[in-house]
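Good morning, and thank you for coming.

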Amino acid sequence: MDIFVICIYALTLIIIGIRASGGVESLKDYAASTKKYSVFPLTATMCSALIGGGFSIGNADISASTGVGNSLAMLGFCVGTLIVAVFIVPKINIEGGNEIYSLGSLMRNSYGDISGVVSSIFSFLFCVCVLAVQISALGGLVCAFTGWTMGFSSLVGVLFIMVYSLVGGMKSVVSTDILQFLVLCVGVPLLTVFSLKGVGGVDGMVEAVPHHYFNPLSSMTVIEFASLFITFMIGETLVPPVVQRLYIGEKRRDVSRALKWSSLISALFFFAICTIGICSRAYFSQVKGNVMLTMINTVLPNGIRGLLIASLLAAVMSTADSQLNCAVSSLMGDTVFPLLKNNTASGCSVTWARICGAVVCMISLVIAMLGESVMGLLRLSYMVWSPAMLVPVWCALRGKRGDPAVFIISAIIGVTSAVIWRFVFSMPLGIDATVVGTCASGVTFAILLKKTSRGNER
């Protein structure tokens, strides 16, 4: 019965993805979709794009080992999403029919052609790494469920994502995100309820685990916790899938509401995942492997397990397909075709984009096989992305324009500072390299932007 449910879910995703691909004729439509969406589909695709393997499977594993600290720090992501909704969305031009459809096109419009290409390369690398995180998580799920080897399980997962997402680009991604969001909204709360019931409710959970599990500072200092909170806040703020989705809403008000709903739903989701992780600690003195899959097999009756496994697959695949779409649009739409001055409206460009997507999947698969942990690879991606891109993208969305040198120099200093802080100084006081690099980038960007502005006035 469980296998039947999973197969039906997988088949439904493929059908939805293929049906949504109709009318995709240009690379712009493939990368960002000319269709505009209202609050619900925007909320669904925002949540689906961001709540991936790290925020679900990785969070449950850490919660089972250390308690609530990591989940509370993840609320930084929710705060960052609210900040974008309140301070960024009112400044962007959604209804004006402009040509901005991706992060690369935004940066090209604000800082020149060279900045557009450089930022697209950063965007591509970030998306490839985050896609590798999702492939690693997906491979672990398939491996645990089927008994196949990790490599073969990851390959099967990648091939499935390619089938339903590459055919229609952004249209297919948003359409399948809606289904995956609904499956998540049913599956995760259901597993939380069964997990609590299995340990005797909230009181039973509290009594069964060490008391320090409910103290966020039991496994880290105040400075380390604050650093982790800020890392999650800036690490996921204005990443390529978010920027992409800011421009597919019907109105600014719809995008703002979708972001606010996404922030609230994400917070509830983190709380539920943390509860599942702690309940697993109450069940077992030590959980080896995937905590959520272990709990599914432990507390759920036959027939319901398939739905819950589908919800885990939804958490991973919905983020994976979003990162894949952004990687393709960054490489082909914002780097290769502009440099070749290719006519991106041609059907040939869409074909090349699909081929590129297949190559991207294979690259991410190789990275996933390197053995880095899910959360570790996610934070490593943040360490490069935020110091290089966060401040320039923030300013670009608020209508600031500047010299390409301002962006490039600030990005170099930001990434260099983060790398030195992590690998040379080993992050003194537990302050994350992402925070240090982003601060260095922000200060450099502000100083250079002010100087170039004065020079232009003269």
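**Pocket, cavities and fold**

In this predicted model, the lining of the largest pocket consists of 16 nonpolar residues, 2 polar residues and no charged ones. The space within the largest pocket comes to about 360 Å³. Its lining has 18 residues, and those closest to the centre are I6, V142, F145, V156 and L313. Four helices each contribute at least two residues to this lining: α1 (2–19), α8 (113–146), α9 (150–165) and α16 (305–340).

How many cavities of 30 Å³ or more does a search of the whole structure find? The search returns 4.

The largest cavity holds about 60 Å³ of space. Twelve residues form its lining, with L50, G52, Q134, E236 and T319 nearest the centre. Helices α3 (39–50), α4 (54–66), α8 and α16 each provide at least two of the lining residues. By class, the lining of this cavity comprises 5 nonpolar, 6 polar and 1 charged residues. Please note that α8 and α16 were also named for the largest pocket.

The second largest cavity has a volume of about 50 Å³. Its lining is made up of L50, F77, T81, V84, E236, T237, L238, V242 and L259. Helix α6, residues 75–88, gives the largest share, with 3 residues. Here the classes are 6 nonpolar, 2 polar and 1 charged. L50 and E236 belong to this lining, and they are also among the residues nearest the centre of the largest cavity.

Is N325 buried or exposed? N325 counts as buried because its relative accessibility is 5%, against a cut-off of under 20%. Beyond its neighbours within four places in sequence, N325 is in contact with Y30, A31, G169, M170, V173 and Q244.

Finally, the chain as a whole. It contains 20 helices and 0 strands. The C-alpha trace spans about 70 × 50 × 40 Å along its principal axes. Of the 458 residues, 54% are buried. Among contacts between residues at least 6 apart in sequence, 85% join residues at least 24 apart. The chain exposes about 17,900 Å², and carbon and sulfur atoms supply 67% of that area.

How values were computed:
Residues are numbered from 1 along each chain as its sequence is written. This is a predicted model: local features need pLDDT of at least 70, side-chain atom pairs count only at pLDDT 80 or more; totals for chains, interfaces and linings use all residues. Side-chain values use heavy atoms; hydrogens and water are left out. On a 1 Å grid over the protein atoms alone, a cavity is a set of points where a 1.4 Å probe fits but cannot get out, and a pocket is an open set with protein on both sides within 12 Å along at least five of seven lines; lining residues have an atom within 4 Å of a point. Grid points are joined across faces, edges and corners, and a volume is the space filled by probe spheres set on the points. Ala, Val, Leu, Ile, Met, Phe, Trp, Tyr, Cys and Pro count as nonpolar, Asp, Glu, Lys and Arg as charged, and the others, Gly among them, as polar. Buried means under 20% relative accessible area, exposed over 50%, partly exposed in between (1.4 Å probe, protein chains only). Contact means heavy atoms within 4.5 Å. Accessible areas come from the Shrake-Rupley method with a 1.4 Å probe; for residues, only the protein chains shown count as cover.
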